[in-house]
Amino acid sequence: MSWTTDEIAARAAADIPEGAFVNLGIGQPERVADHIPDDREVVLHSENGILGMGPQPAAADEDMELINAGKKPVTLLPGGAFFHHADSFSMIRGGHVDICILGAFEVAANGDLANWTTGGDGVPAVGGAMDLAAGARSVRVITSHTTRAGEPKLLRTLSLPATGRAIVKRIYTDLAVLEPDGDAFRVLELAPGVSVEMLAERTGAPVLPTPK
């Protein structure tokens, strides 16, 4: 009745255009690197100073001196490059990242994003998210549709501190692909076995079908 984490990553990868420079956030977005179509050239960027990352290596080939911003072992494709951390952030702040795909605690119907703290006793983790939210040309999100407690992550308005305002262009969850539409979420695609009614029950804002 829903997509697996790898199926979500593959669905997000399918929407990345040829030649795009893409930053993948820590956690579930990292899986996108393993699902870039073989016939498509996509340049993956990591804020710790890598351009041209490939999929994750086999366990026997892991090199802990070649890691992404989430400290996970990665591979480097032919033509890939390493550079200073400051240069990497200059790429982000200079508007040279076409797409970033981030995780989220909450997304609001107007595109507001919360992904750096859960508030209260939660440990804040700003990382590069603030820079990517402000500097990337298109911000996309991969997240589970609900929390572990079953509460919606897609809401009318954020309840947590914002990472960025009105920045999210597309959302990939285990139930659907959606776009913020101001006061609601527009459904672009449903996971197999998921109905609009089921999606609406698990979403904290109105859900609109894709216009024909």
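Which residue in β5 does Val 22 stand opposite?

1. In this predicted model, Val 22 stands opposite Ile 99 in β5. The two strands concerned, β1 (residues 21-24) and β5, run parallel and are joined by 3 bridges.

2. Strand β5 (residues 99-102) also runs parallel to β8, with 4 bridges between them. Here Ile 99 has Ser 138 of β8 as its bridge partner. Strands in a sheet pair through backbone hydrogen bonds, in either a parallel or an antiparallel sense.

3. The side chains of β5 point in two directions: Ile 99 and Ile 101 one way, Cys 100 and Leu 102 the other, and all are buried. Side chains in a regular strand alternate between the two faces of the sheet.

4. The largest nonpolar core has 52 residues, and Ile 16, Val 22 and Val 32 touch the most other members. Leaving aside residues up to four places away in sequence, Val 22 touches Ile 16, Val 42, Val 43, Leu 44, His 45, Ile 99 and Ile 101.

5. Helix α1 (residues 5-14) has Ile 8, Ala 9, Arg 11, Ala 12 and Ala 13 as its buried residues. These pack against β8 (138-142), β10 (168-172), β11 (176-180) and β12 (185-190).

6. An open sheet of 3 strands has the order β7-β6-β9, with mixed pairing. Because β7 (113-114) and β9 (154-155) are at the edges and have a single partner strand each, one side of each is left without a neighbour in the sheet. Strand β6 (residues 106-108) pairs with β9 in the parallel sense over 2 bridges, and Ala 108 stands opposite Leu 155 in β9.

Definitions and conventions:
Residues numbered from 1 in each chain as written. Predicted model: local features only at pLDDT ≥ 70, side-chain atom pairs only at ≥ 80, totals over all residues. Heavy atoms only, no water. Buried < 20%, exposed > 50% of the residue type's maximum accessible area, 1.4 Å probe, protein only. Contact = heavy atoms within 4.5 Å. Core = buried A, V, L, I, M, F, W, Y, C linked by side-chain atoms within 4.5 Å. Pairing = 2+ DSSP bridges.
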